[in-house]
Amino acid sequence: MNDNDTTLIPDNSPLADKLQRIADHERGERTTVPGRIQSVGRTRAFAAGSEQGKMRAADADRDRVVEVLSMAYSEGRLSKDEYDGRLEDALSARTYADLDQLVTDLPVARATAVTPVAGTNGLAVASLACGVVQFVFGPLTAIPAIVFGHVALRQIKRTGEQGAGLALAGLILGWATVILIVVVGLVISVGMHGNVH
């Protein structure tokens, strides 16, 4: 067989379709896969004629579509041929509209609702630590316990973090120490003034 020989492939064969899509891809043309459900007028996010639909897609966008296609294939929503064709089109897609056409007949992937566990506020922990440490090192840490406790409660209210109980315990210990010092100071002061007279 020399270079001038031509092999005729029937138009209705899968090989002819594959060769045509490869040739179209090399010329930069979009092709459709036979048997694929084309959703005319039923696009999700980007209509083919809209401004957003004409925007260039990024690699991350292509990767997301590949994930959707892989999930659909694993669930049995796509045949092997459909999956292969759409995968090829997804990797060569240029715009959001091109990507959108590949997944419009597939169900939207439901995002699993993961509620992040809010961390414990660091100042609330510090407030409680200062409140407890004052029993070992004396009342010097009572003031930091109070300050950290108030700041922590404000932050917890704003951010939704945990640790309100810790901050409150630190505040109670700090204020109890301050009140105790003031009362003891007053008693000593009154006692000294009573003895002088």
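Which residues in α5 meet which residues in α6?

A: Keep in mind that this is a predicted model. On the α5 side, the residues involved are Leu123, Ala124, Ala126, Ser127, Cys130, Gly131 and Gln134. They meet Ala142, Pro144, Ala145, Phe148, Gly149, Val151, Ala152, Gln155 and Ile156 in α6. Sorted by class, the contact of α5 with α6 has 11 nonpolar and 5 polar residues, with no charged ones.

Now for how the two helices sit. Two packed helices are described by the angle between their axes and the distance between the axes. Here α5 covers residues 122–137 and α6 covers residues 142–159. Their axes come within 8 Å and cross at roughly 160°. Angles over 145 degrees count as roughly antiparallel, so α5 and α6 are roughly antiparallel to each other. As for handedness, the crossing of α5 and α6 is left-handed.

For a second pair, take a look at α2 and α4. Their axes come within 10 Å and cross at roughly 5°, which makes α2 roughly parallel to α4. In this contact, Asp61, Arg62, Val65, Val68 and Leu69 of α2 meet Tyr96, Leu99, Leu102 and Val103 of α4. By class, that comes to 7 nonpolar, no polar and 2 charged residues.

Helix α4 itself, residues 96–103, is mostly covered, with 7 of its 8 residues buried. Among the buried ones are Tyr96, Asp98 and Leu102. What covers the buried residues of α4 includes α2 (59–74) and also α3 (80–92).

Key. Residues are numbered from 1 along each chain as its sequence is written. This is a predicted model: local features need pLDDT of at least 70, side-chain atom pairs count only at pLDDT 80 or more; totals for chains, interfaces and linings use all residues. Side-chain values use heavy atoms; hydrogens and water are left out. Buried means under 20% relative accessible area, exposed over 50%, partly exposed in between (1.4 Å probe, protein chains only). Helices (H or I, at least four residues) and strands (E, at least two) are DSSP runs, numbered from the N terminus. Contact means heavy atoms within 4.5 Å. Axes are lines fitted to C-alpha atoms, for helices over the stretch in contact, and angles run from 0 to 180 degrees between N-to-C directions. Angles under 35 degrees count as roughly parallel, over 145 as roughly antiparallel, 65 to 115 as roughly perpendicular and the rest as oblique. Ala, Val, Leu, Ile, Met, Phe, Trp, Tyr, Cys and Pro count as nonpolar, Asp, Glu, Lys and Arg as charged, and the others, Gly among them, as polar. A crossing is left-handed if the near helix is turned anticlockwise from the far one by less than a right angle, and right-handed if clockwise.
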